[in-house]
Protein chains: 2
Amino acid sequence: MNTLAFALLSFLARRSMSGYDLMLAIQPLWQAKHSQIYPTLSKLEAEGHVDFERVLQHDKPDKKVYSITPKGTEALQAWLHEPSSDPNIRDEMLLKAYSLWLGDHDAARRLLEERIAYFRKRLQRLEGILDDVQTEHHSELDVPDILSPVFTRVKLLERAITTARLELDWCYEFLKQIEQSAKKPR
Amino acid sequence: MNTLAFALLSFLARRSMSGYDLMLAIQPLWQAKHSQIYPTLSKLEAEGHVDFERVLQHDKPDKKVYSITPKGTEALQAWLHEPSSDPNIRDEMLLKAYSLWLGDHDAARRLLEERIAYFRKRLQRLEGILDDVQTEHHSELDVPDILSPVFTRVKLLERAITTARLELDWCYEFLKQIEQSAKKPR
DNA sequence: ATGGTCATGTAATTCGTTACATGATTAT
DNA sequence: ATAATCATGTAACGAATTACATGACCAT
C-alpha cells in the first residue's frame with residue numbers, strides 16, 4: 001500500500017463516499033487525479049480494506065459508494081505508528097523567484113501577482129470551510145480532544161490558513177521591493 | 001524540458017558545478033536523486049543548453065564541471081515569463097495528523113516529535129547559511145535589488161526560515177494540546 | 001450549441017525512487 | 001574493519017500526469 005491508498009482510507013474512515021467525492025475531498029491534503037484514484041480503490045477493494053455499494057441515481061450517473069472495512073481501519077491505525085517520510089514541496093514559482101535576477105521587473109511582478117491571486121482564492125475557501133466546521137461543532141471544540149475527528153480536522157484547517165497568510169505576506173513584501181527596485185535608477 | 005531541467009539551469013546560471021554538486025545544492029528547492037540528475041544533464045548538453053569540462057582530481061574521483069551556455073540562459077529567461085503550475089505539497093505527516101483521532105496519544109506524540117526534530121535541524125542549517133550570505137554580502141543587501149542574485153537568494157532563505165519556524169510553532173502547540181488531551185479523564 | 005458538473009474507467013507517457021554497479025579516499 | 005564522502009552512471013520499478021473514452025444532465 002502506498003501513501004495514496006492510506007490517504008483514501010483516511011477519508012473513508014470519516015465517511016463513506018464515491019471515488020469522485022474522494023477525488024475532490026483529497027486535494028488539499030494529497031493531490032491525485034481520478035485516473036490514479038479509481039485503480040487504487042479497486043486494489044483496496046481486492047485486498048479487503050474497503051468495500052462498496054452501487055448507488056443508482058436518476059438525475060446523475062450511478063456511483064459506487066465506498067466504505068472502509070475493519071481490516072482497512074486496522075491498516076490505517078498501524079500506519080499511524082510508522083515513521084513518516086520528509087515533507088516534499090515542489091513549487092515552480094520558488095524556482096523562478098530564485099532566477100529572477102536574470103529577468104526583468106515585469107516578469108517578477110507577474111510571477112508574484114499570479115501567486116497572490118492563487119493564495120487569495122485558497123484563503124477564502126479555507127476560511128469558509130473553517131467557519132462552517134466551527135459553527136457546526138462549536139461545543140466540541142472548547143477543550144482539545146485529539147480523539148475527535150473534528151478537532152484534528154480543525155487543526156489542519158488552521159494550519160493551512162496560517163501558511164496561506166504567510167505566503168501572501170511574503171509575496172506582498174517581495175512585490176513591494178520589486179517596485180522599489182524598478183524605480184531606482186541604475 | 002521539464003521543471004528539473006530548469007532547476008538545474010537555475011543553479012548553473014549562478015556558478016558552474018558538477019552533477020554531484022548540483023544534486024546537493026538543488027535539494028532545498030527541488031528534490032531529485034542523482035539518478036535523475038545525471039541523465040537530465042546529458043539531455044541538456046545534447047540540446048546545447050549546457051556544456052562541460054572534465055576536471056581531473058588526484059585525491060578524489062574526476063568530475064565533469066557543467067556550465068550554462070548562452071542558449072541555456074535564454075531558455076531560462078524565457079521560462080521566467082511562463083505561468084507557473086500550482087505548488088504541490090506532499091506531506092505524509094499531515095495525512096497522519098488528519099487521522100490521529102483513530103490513534104492513541106502515544107502515536108500522536110511520536111508523530112509530532114519526529115517532525116519537530118526534522119524542522120529544528122533544518123532551521124539551524126538555514127539560519128547558518130543565511131548568516132554566511134549576509135556577512136559575506138552585507139553591503140549589497142541594504143537596498144532591494146531584484147537583479148542581484150544575492151538578493152533573490154536571501155529572499156528565498158528568509159522565506160524558508162519563516163515557514164520552518166511556523167511549522168515548528170504549529171507542532172509545539174499541537175503537542176501541548178495532545179498532552180492536555182491525554183491528561184483529561186474520558 | 002457550448003461548457004461545466006457528475007461519474008467511472010483505461011492507455012500511454014513521463015517523472016521519480018530504489019536498486020545495481022564501481023572505485024578511491026578519509027575518518028572512526 | 002566499517003562507514004561516509006566524492007563521483008558518475010544504468011536498470012527496474014512504481015507513482016503521477018495526460019490523453020483517450022463515454023454519457024447524461026443543467027445552465028447560459
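Reader: Which side chains meet in a salt bridge with K155(A)?

Author: The side chain of E173(B) does. The N to O distance is 3.2 Å. Keep in mind that this is a predicted model.

Reader: How many salt bridges are there between chain B and chain A?

Author: The count is four.

Reader: And how many residues are in contact between the two chains?

Author: On chain B, 73 residues are in contact with 73 residues of chain A. The area buried between the chains is about 7,900 Å². Carbon and sulfur atoms give 61% of that.

Reader: Which three residues of chain B supply more of its buried area than any other three?

Author: Y98(B), W101(B) and R159(B). They supply 11% of the area chain B buries against chain A.

Reader: New topic. How do helix 6 and helix 7 of chain B cross?

Author: Helix 6 spans residues 105–136 and helix 7 spans residues 149–183. Their axes come within 9 Å and cross at roughly 155°. Angles over 145 degrees count as roughly antiparallel, so these two helices of chain B are roughly antiparallel to each other. The crossing is left-handed.

Reader: What kinds of residues make that contact?

Author: The contact of helix 6 with helix 7 in chain B has 23 nonpolar, three polar and eleven charged residues.

Reader: What about helix 1 and helix 4 of chain B?

Author: Helix 1 (residues 3–12) packs on helix 4 (residues 70–80) at an angle of about 115°. Their axes are 10 Å apart. That crossing is left-handed.

Reader: Which residues meet there?

Author: From helix 1, T3(B), F6(B), L9(B) and S10(B). From helix 4, G72(B), A75(B), L76(B) and W79(B). They divide into five nonpolar, three polar and no charged.

Terms used: Residues numbered from 1 in each chain as written. Chains lettered and ligands numbered in written order. Predicted model: local features only at pLDDT ≥ 70, side-chain atom pairs only at ≥ 80, totals over all residues. Heavy atoms only, no water. Axes fitted to C-alpha atoms, helices over the stretch in contact; angles between N-to-C directions. Helix = DSSP H or I, 4+ residues; strand = E, 2+ residues; numbered from the N terminus. Parallel < 35°, antiparallel > 145°, perpendicular 65-115°, else oblique. Left-handed = near helix turned anticlockwise from the far one by under 90°. Nonpolar A, V, L, I, M, F, W, Y, C, P; charged D, E, K, R; others polar. Contact = heavy atoms within 4.5 Å. Buried area = accessible area lost by both parts, 1.4 Å probe.
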